[in-house]
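Biologist: I would like to learn how to read a protein model. Could we go through one together?

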Amino acid sequence: SLPLLRRHSFFGGTVEYVGVGHQTHVLKTGHSAFEDGTVNYLGLPAVAVGLQFLSKVGLQSIHNRVTALTGWLLRQLPSLVHSTGHPLTRLYGPPSLHRRGATLALNFFSRTGRLIPHCALQEIFSAAGISLRYGCFCNPGAFEAAVGMSVEAI
């Protein structure tokens, strides 16, 4: 019966590709096409631990630390340059803490100036023990504009 089911819209992890420039998308196949952000039941016990931590440390302390880390990254990222002179990163959004949250949207580039695919970055960061949220699938139009994709290229 699964092959008979058809989606008329998509959310979160149900899509392989979205192209805003030419208004198309490719849905995942099989059961993956119907998994709209399934609740992580195994992670639910961590909610109580997290709330206890928040009560102990305090939201203001966490806010202050996250703001300090974000500010440090905003100051350091522009100085990361390959030996060829090409920048390692391109940051999107405000270059300072003014009117900015703690999430930094950026791309990484090779020493020749080519965009490094997010899948390759995930492998590199995972091997180094760094947790990274990657991809632009929540806002594909912004990704296409950020990397200069034309409708023809898509």
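Biologist: Which pattern does the protein chain follow, read along the sequence?

Modeller: Start with the ground rules. This is a predicted model, where local features need pLDDT of at least 70, side-chain atom pairs count only at pLDDT 80 or more, and totals for chains, interfaces and linings use all residues. Residues are numbered from 1 along each chain as its sequence is written, and side-chain values use heavy atoms, with hydrogens and water left out. Now the general idea: helices (H or I, at least four residues) and strands (E, at least two) are DSSP runs, numbered from the N terminus. Here the pattern is β-β-α-α-β-β-α-α. That gives the protein chain 4 helices and 4 strands.

Biologist: What share of the residues counts as buried?

Modeller: Buried means under 20% relative accessible area, exposed means over 50%, and partly exposed is in between (1.4 Å probe, protein chains only). In this chain of 154 residues, 15% count as buried. The accessible surface comes to about 11,600 Å². Carbon and sulfur atoms hold 61% of that surface. Such areas come from the Shrake-Rupley method with a 1.4 Å probe; for residues, only the protein chains shown count as cover.

Biologist: Which residues form the nonpolar patch on the surface?

Modeller: Patches are made of residues with over 30% relative accessible area and no salt bridge. Nonpolar side chains (Val, Leu, Ile, Met, Phe, Trp, Tyr) are joined within 5 Å, like charges within 9 Å. A salt bridge is a side-chain nitrogen of Lys or Arg within 4 Å of a carboxyl oxygen of Asp or Glu. In this model the patch is Tyr41, Leu44, Val47, Leu51, Phe53, Leu54, Val57 and Leu59. Together they have about 790 Å² of accessible area. Helix α1 (residues 45-57) gives the largest share, 5 residues.

Biologist: Is Val57 buried, partly exposed or exposed?

Modeller: Val57, in helix α1, is partly exposed, because its relative accessible area is 33%.

Biologist: How many aromatic pairs are there?

Modeller: Rings of Phe, Tyr and Trp (its six-membered ring) pair if their centres lie within 6.5 Å. Planes under 30 degrees apart count as stacked, over 60 as edge-to-face, and the rest as tilted. By this rule there is 1 aromatic pair. The rings of Phe108 and Phe125 have centres 5.6 Å apart and planes at 65°, so this pair is edge-to-face. The pair links distant parts of the chain, with Phe108 in strand β4 (residues 105-108) and Phe125 in helix α3 (residues 118-127), 17 residues apart. Phe108 counts as buried at 16% relative accessibility. Phe125 counts as buried at 17%.

Biologist: With which side chain does Asn107 make a polar contact?

Modeller: A polar contact is a pair of N or O atoms within 3.5 Å. Within protein, one must be able to donate a hydrogen and the other to accept it, and residues adjacent in sequence count only if both atoms are side-chain atoms. The side chain of Asn107 contacts the side chain of Tyr92 at 2.5 Å. Asn107 sits in strand β4. It counts as buried, because its relative accessibility is 13%.

Biologist: Which residues does Thr70 touch, not counting those up to four places away in sequence?

Modeller: Contact means heavy atoms within 4.5 Å. With that exclusion, Thr70 touches Leu97, Arg100, Gly101, Ala102 and Leu104. Thr70 is in helix α2 (residues 59-76). Its relative accessible area is 5%, so Thr70 is buried. Its side chain also reaches the backbone oxygen of Val66 at 2.8 Å. For the chain as a whole, take the contacts with a separation of 6 or more: residues 24 or more positions apart account for 35% of them.

Biologist: What is the phi of Arg99?

Modeller: Most residues other than glycine have a negative phi. Arg99 has a positive phi of about 60°, although it is not a glycine. Arg99 lies in the loop between β3 (89-92) and β4. With a relative accessible area of 76%, Arg99 is exposed.
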